Amino acid sequence: MSEQKLLPVPSGLAGDRADAGLARLMGISRSAAAELLTDGHVLQNGKVISKSDRLIDGAVLEVTFPEVVNNLEIVPSLVEGFKIVYQDEDIIVVDKPAGVAAHPSVGWDGPTVPGCLLSLGVQIATSGAQERQGIVQRLDVGTSGLMTLAKSELAYSRLKQAFRDRKVHKVYHAVIQGLADPLAGTFDAPIGRHPKAEFKFAVMNDGKHSVTHYETLEAMKAASLVEIVLETGRTHQIRVHFSAFRHPLVGDTMYGADPTLAARVGLDRQWLHAMRLSFEHPTTGEPVEFSSEYPAELLHALEVLRG
């Protein structure tokens, strides 16, 4: 629920700019007052005012405080294409569509994997931070495919260790611009936060050790389909490595992909799909393997490129 306050303008603030006067009247920063005014949350005698308007002696300010959204709360959400591939008492493997985040985070108000599971009545482990409970691996919002979560506390601790020890085999398919030379190889280049862009990563001398193996499956006129095996699991690793070596993923305009080509194939996200996932079951010790098919939008893009 939003909150409202009625505040009479004292004579001492009459004639002041609205942002400065409101800040003094409410004991908040001028920038916070300016934001309320810019967003239309302040009325003077019933009329919306801007931050540069002047306060009137004896006028009544009506200030509405918008409801604060807790972005870390897990909100139930049903998303078309979200599938449970496998589950037992300890683990659950899902096929995640693009547009679904691995877990809640500040600044993200869209659907999440835990939210999708909650809507299906699935309980996951309680280990980890509130917004990451049960999360043992992550996929980017714009990446589709297989992702595993823990349902029991024992599975959570063992799977986290398996990922740290690189005992989980992860295979991705991607479509990159151009043709990789050589057709198969390894990127061994450290990755760190981009020095000039907050949400991006880059190959950096002081970054974390990052290794990506790839093999070309199909060459087309403007792009290539490649199979990728991750040896390490850094944020945006595949996207950063291929971009750094001048073969960005088709559709990945954040990392330098051609926006004209992305529009031609109908993609507003990177052509990247988590195809196969295999590991030892955390409680039985038996090997398990899961696979996923390309979603419709990636199939369509591939058909256009082949055409």
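Predicted model: local features only at pLDDT ≥ 70, side-chain atom pairs only at ≥ 80, totals over all residues.
Entry 1: I started with a simple tally. The structure holds 9 salt bridges. I picked a few of them to follow up.

**Entry 2: Asp16 and Arg24.** I looked up this pair and found a salt bridge, with the closest N and O atoms 3.3 Å apart. Is Arg24 buried or exposed? I found a relative accessible area of 58% for Arg24, so this residue counts as exposed.

**Entry 3: Arg17 and Asp19.** Here too the side chains meet in a salt bridge, at 3.0 Å from N to O. I then checked each partner. Arg17 is partly exposed, with a relative accessible area of 26%. Asp19 has a relative accessibility of 4%, so I noted Asp19 as buried, because the cut-off for buried is under 20%.

**Entry 4: Glu227 and Arg276.** What is the distance between the closest N and O atoms of Glu227 and Arg276? I read off 3.2 Å for this salt bridge. Next I asked where the two residues lie. Glu227 is in strand 13 (residues 223-230), while Arg276 is in strand 14 (residues 272-280), so the pair ties together parts that are 49 residues apart in sequence. I also looked up Arg276 on its own: this residue is partly exposed, with a relative accessible area of 28%.

**Entry 5: a network.** Which residues do salt bridges with shared partners join into one network? I found Arg17, Asp19 and Arg30 there.

Technical notes. Residues numbered from 1 in each chain as written. Heavy atoms only, no water. Salt bridge = Lys/Arg side-chain N within 4 Å of Asp/Glu carboxyl O. Buried < 20%, exposed > 50% of the residue type's maximum accessible area, 1.4 Å probe, protein only. Helix = DSSP H or I, 4+ residues; strand = E, 2+ residues; numbered from the N terminus.
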